[in-house]
Structure formats: structure tokens, C-alpha cells
Amino acid sequence: MFKNYLKIAARNLLKHKAYSLINVLGLAIGMACCILILLYVQNELSYDRHHQKAERIYRVASDHKFGGNHFQMAVSPAPMAEALVRDFPEVESAARFRGYGSFLVKKEGEQNFKEERVIFADNAIFDIFTIPLLGGDAKGALTAPNTVVISQSTAKKYFGESNPVGQSLLFDNTAVYKITGVFADMPDNGHFHFDFIAALISMDESRNSLWISNNFRTYLLLKAGGQPATLEAKFPEMVRKYAGPQVQEFLGASFEAMVQQGNQIRFYLQPVRDIHLHSDLSVEFEPNSNINYVYIFSAIAFFILLIACINFMNLATARSASRAKEVGIRKVVGSYRRQLVGQFLAESIFLSVIALMLALVLVELILPAFNNLAEKQLQTFYFGNWPLLAALIGITLLVGVVAGSYPAFVLSSFKPVSVLKGAKSAGARSSRLRSALVVFQFAASVILIVGTIIIKNQLHYIQNKNLGFNKEQVIVLHDAYALGEKLEAFKNEAMRNPSMISATVSGYLPVSSNRSDTGFWPEGQRASDNPVSMQIWSADYGYIETMGMEIVAGRNFSETFGADSSAVILNEKAAKMFGFGDPIGKKIFTWGFTPGRGVDRDRIIPYTVIGVVKDFHFASLKENIGALGLRLGRNRGLMSFRFKVENVAALIAFLENKWKEFAPDQPFAYSFLDERFSNMYRAEQKVGEVFSVFAGLAIFTACLGLFGLASFMAEQRTKEVGIRKVLGATAVNVTALLSKDFVKLVLVANLIAWPVAWYAMNRWLQDFAYRVNISWWIFALAGGLALLIALLTVSTQAIKAALANPVQALRYE
């Protein structure tokens, strides 16, 4: 019987080639999108699950309020890890990571390489995480100062096929680190990736005892059966025990008084498996993804697949009259209804299987482009990926059953006497359903169009907003410290180029990066009087000019003023938080800083305000502008030049040649300030691009169905069209007649889609402190585009019918 079903299905497919092509192509596109997004979602959900003890690994995160600011960070105090193991029996192990930026690394006597993926860590990381060593002993790999373990690819990069264990590398031309192990390259689906893990004990800061300074990423391993909620409930008492006395020492006020002023020191646990999709804190190892994007892409896949199924259902029910006689004859000769249902379901499943095979081909063809778009390394491996294989089989059967169920039950319900008399009109019983399904298709399409426009608008707003600084035409040279004593000479030589306007050497740029805040208080107040939490950057005389910032009060740093070494320039936000009416000449104070110990309460540093710079965005536009001060100081990390030239390639070549002249053994690396700014929104840009692609596919799939439905409806009304033309109707009249019903459906779809799209995109925009308004024209444009696309799709068939010879139309049937 099943063999007979397949034969009939194949005959029907070949008999109605256009109908079959529309259905197969639509289902194939829907399935291909679904498979791609399944691969994406599966990859996103797999992060950090390769660690054998992942279900027991947690990160300690911070939620602090101080000095008018709210800090949500992935870091905690230096002594936290030791206290966790010592004070809480449910903690099996704890370890810290500490980053110090990039390093210049080389073998003795060879050229430096700039290495970004360098971290310092406790040896206990090997007890917590699955970081298999291919060489060396994990028990003692990082227990001695100036030791390091390196990744397998890094070992090959520096030592070829020879064994690197026991050999040494030079960091920043000064510190020698002995290699004690080689670890397997870290998998892509983890929230951190390193090529060098050096012993944290090498740094004096690792022995810091301050509980009110947060610079370390702390992870812990719970014992089997340990409850994270129970452990987390003990943290407030731990904070009071250890941080309380230091609050009293530094602020001169009790812990309770600090809390009453609206401040907060709070720590909580994050499951390591949740970090990638559920954490967006300051000082993350790498930019994380967002669980909302997983939901969004899953919904898009569902909608596209559903649109393809709707195409099938619409066309099948519209063609019901052409198969009504077949159903009547089969029933007369003894077929049961369940046999007819089985036949129609078999046809739809057969069509679904063909669509799946085409979809798999499409996935293989477009997967490289999708990987590039999503910045992933997704692979298919269907037979080695059992969850994906099961999903494919499930999708195929589900699509076949969902797409074929309504036509099967409708067609099998026809009464043989009625259909053989010709009483069953084409699609009469299902016109309302078809209308509802078309409305749903275009409502989904309009939602996607609105989403795409709003995402693009927000990204355009970010790129063109007045940021308070000028990010254009600024080139940034990395690792300026590699120039050593020749740094000033190099800068002066570069400035001789007529294309150069100004230059600065600094550690901070007005783009998001890892920074720390310090408490400041104005003259006449005490540290205990709720100090202002403010960032303080070291800058030189050329910083404000090079960054294109604006002084709104006072003056810039100047070499003619010797006292500028104790001067500070505040941003408008800081001046307001200090309560200064006229800030010029006012004094502010903060604690000193001792390397290795951190904040030193015995050293109070005074600063005199000499200027106020206009507020500028130095973090993501997802955050409000915070308090900031600029002080005169040397930081040899980055050298930036503002230039005026169109031939940027020639300028880069000039700087590279000069670099090689002054530092021949040091790598030359650069970036542009506008690129660094754009990188902060790479995730949003990626979402916008993916949204655009899938919105286009959804509309194309909906139009496929609309085209088939319009062509079939035009065919059914051939005689009516002929009579109308004989009675004087013009081609325009006929085209309008055949199109108006579809236009009404698209208009209804818009009315349904607009509030849904507004709600969804308004929630997405809430992530940004600075955002665009959702204007009415966006909905009008999306609706107009959907209507135009629908009209173009339908009118091709309507015009064809309108231009047909009425004589042929009246001879129809």
C-alpha cells in the first residue's frame, strides 16, 4: 500500500511541475534556514560543556554600588579564592585569573611576536577546568614564579617540532619565563581562550590583601552535592568579616554607614555553563553572546519553516477541486477515509524528504558564508552529530505531517455524491483558512522587516552620534613601550610628516576597555562622606587635541605650567557629581597607590582642577557616561596620531618604515580609532546582518506561496475574466479585481504585525542607554515594502490573465 502511495505521489509531482517546484523550493529554503540556525543554537548552547566538572564550576561576580556608580563586574578581590577554600567546606578548589594586556614574546636572540592571549593564573585552574597537558605535569606547572604553559599551536609557532618543555621565552624584552607544560588548543566553544598561561605567583599583586579592590577573575569548584545557593547565602557575612574593617580603615566610616549611604558590596555565583549566554558584565574575558539572540534566531527559523508549510497547505487546499473527483471515485470503489488520509500524508512526507535532500545541499553551499557572517566555525557532520540527525528526521516528519494534515483531512472528507456531481467548488471550504495563513505569512515578514530597519537605524545612530570626541582619521600604534628610550624621538620624527596634525602617547582610548574606578572627595569633605567613584586616566599634552575633545571651561595641560603635574581635567559629569558650580581651581583628593599592595590609605594625593572637558563616551552606548578625570602622566602603551590625508596606505607605510628604523626587532601593529569603536558593537552588527538575510528569505518564501496561489486563483477565474472582458472590462480593471483580495490580506497582516514588532524591538533597544526612537515611518515603510512585494508577485499572474484572449477564456473547459 505504501509503495502505491509513493507512486501516486510521484505522478502528482510530475504532473504539476510548477506546483511541485514552488512547494519543494519553499520547504527546502525553510529547512535549510532551520538547519543553519539549529547548528548555530547547538553551538551556542554547548559553551563550556567540554569541562568534565562543568556542572560544579562557578565564577564569582561582583555587584557593587559606590560613589554614585553601579558596577557589575566579572572580577573579585585578590584574597577571595583563598578565603573560599579556607572558610567554606563545600568549596573543593578555587583559582584566579589576572590579565595584564598583551605582551611582546620571543625566544632569546629572535624577533618579538605580539601576543594578545596571555593570562596569569593559579595552578588550581588544572583542578577546576579541563585543560589537558600534552607535556609537563599539571600538579606543579604554575607553582613557581616565572613559569608558563603554552598552547600546542604556540609551541609549534616558536619551537617547531622540538619539545618546548624546559625551554624559556622572553616577555616584553625583560622577564624570562620557563615553559613547564604544553596544553591542547582550547576549543572554540568556551568563554575564554589563551595561548599563554603564566604563574600568577610571579606578580606581587597576587598577594594583595585588599577586599575593596577587584581585579581578579575567581572561579571555584563545588564539592559533589554542594549547593550554590547555600554558599551564596554566606557571602554577605564574608563581606562584613573581611571588607568591613577595610571600609572602616579607608573611609573612616563603618560598613553599616557605607551601606546606609546607598553603597553596596555584593558577590554572587555564575554557573560556568551560563556565562556565554547569560553574562554581560564589565571585564569579561571576551565579548559574550546573548540568550535573547538564541531565542530570536530560533523564532526566525520557526517562522520561515512555518511560512513554507503554509505555502504547501494553501496550494493544496486551493487545488482541492482538481482532486475532488479523484477522491469521489476512490470512495465509490471502496477506499476508506483513513486510506485517503494516509495517501495524502504520504505525498506530503515524500515532498518533505525531497525538500530535505535539497536543503542539505543548500546548507553545504551556504555554510561557509554563514560561518563568516556569524563568526563561527560550524560544521555539519550529520551522522556524528546525533542530536542534529534526530532533529533533521523530526523536522522532516513534522513538516510532512503539519503541511499535509489539513489538506489530507479536508480532501478525504469530501462526499462522493457531491463531488461527482461537481457541487464542490474549488477551495470553497478553505478560503478563510487560506486567508488567515496568508495574513500570518506576511505578518511574520513585516515583523522581520521592521526588526531589520530598527537594528540598522540603531547601528547607524551609534556610528554617527556626537560622541564628544572625533574618532575619524586617528591611527593608533600598539605597544609603544617597545620603542624604549626612542619613543619620543620616534614620535617627533613621525610628526615631521606633513600629513600629521597631532600625536599622543597614552594607555587609554575613548573606547570600551578594562578600567578601574577610584574614590575621590572634594576639599572640605572626608573620605567617609560618600566619595565620588571616578576613573582617572594618565594623558599627555597632546591627548585632548588628538582625540578631538573639547575644553568647555578652564584650559588644557600646558608645558608652560610646572604645577600641571598635580592638575586634573574633569569631564562635565564628574564636575556635576562633585557639586562644583565653578570647578576651576577646586581641589579633589584620593588615596595613593603602591605597586603590589594597591590602594594606600596612608598616602593622600591632592589634585587641582584646571579644566573641564565636554562629556564624551568612553564606554559602550549601552552605558551612561560616568565620572572621569585626566591627569598629566606617562603611559607608554599606545601612540596615536591624528592625520589629514586620503592616501592612508602611504601613511601606514611611512609609519612602518620609521618603526623598523627605530625598533627593527619589534613587531609593527596598528589600528584605527573608528574601527576600535565599531568593534564594540560587533555583536549587534552581526545580528543586524543575520536578521537582514533571514528576513529576505522569509519574504521570498512567502512570495513563492503567494505566486502559486495567485496563479491558481487566476486559473480558477478564467471564465469570469473572459466574460468581464467581453462586457468591456479593461486589463487594469481585471488586474485590480484579481489583486484586491491579496492587498486586503497584506493590510490586515500589517495591522497585526506592527504592535508585535514595536513591542519586540522596544525591548531590544532597552539594552542601550542611548537609542533611537521607533518612528511611525518605519512601520509605514515595512508595510509599504510588504505590500509592494505582494503586488509585484500577484500582479504578474493577474496581468497575464487580464491580457489573455477572452475567446480562449470563454472556451475554457
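Reader: Hi! Which ring does Arg217 lie over?
Author: Arg217 lies over the face of Phe285, 4.2 Å from the ring centre. Keep in mind that this is a predicted model.

Reader: Good to know. And what sits over the ring of Phe216?
Author: That would be Arg96: its charged end is 5.3 Å from the centre of the Phe216 ring.

Reader: Switching to ring pairs, how many aromatic pairs are there?
Author: The count comes to 41 aromatic pairs. One of them is Tyr100 with Phe120, whose ring centres are 5.4 Å apart. Their planes stand at 90 degrees, over the 60 needed, so this pair is edge-to-face.

Reader: Nice. Where do Tyr100 and Phe120 sit in the chain?
Author: Tyr100 is in the loop between β3 (91-98) and β4 (103-106), while Phe120 belongs to strand β6 (residues 118-121). They are 20 residues apart, and the pair links distant parts of the chain.

Reader: Is Tyr100 buried, exposed or partly exposed? And Phe120, buried or exposed?
Author: Tyr100 counts as partly exposed, with 28% relative accessibility. Phe120 has 1%, so it counts as buried.

Reader: What about Phe120 and Tyr177, how are their rings arranged?
Author: Their centres are 6.2 Å apart and their planes are at 75 degrees, so that pair is edge-to-face. Tyr177 lies in strand β10 (residues 175-183) and Phe120 in strand β6, so the contact ties together parts 57 residues apart in sequence. Both Phe120 and Tyr177 are buried.

Reader: Last one: which residues do ring pairs link into a cluster?
Author: The cluster consists of Tyr100, Phe103, Phe113, Phe120, Tyr158, Phe171, Tyr177 and Phe196.

Key: Residues numbered from 1 in each chain as written. Predicted model: local features only at pLDDT ≥ 70, side-chain atom pairs only at ≥ 80, totals over all residues. Heavy atoms only, no water. Phe/Tyr/Trp six-rings, centres within 6.5 Å; stacked < 30°, edge-to-face > 60°. Helix = DSSP H or I, 4+ residues; strand = E, 2+ residues; numbered from the N terminus. Buried < 20%, exposed > 50% of the residue type's maximum accessible area, 1.4 Å probe, protein only. Lys NZ or Arg CZ within 6 Å of the ring centre and 35° of its normal.
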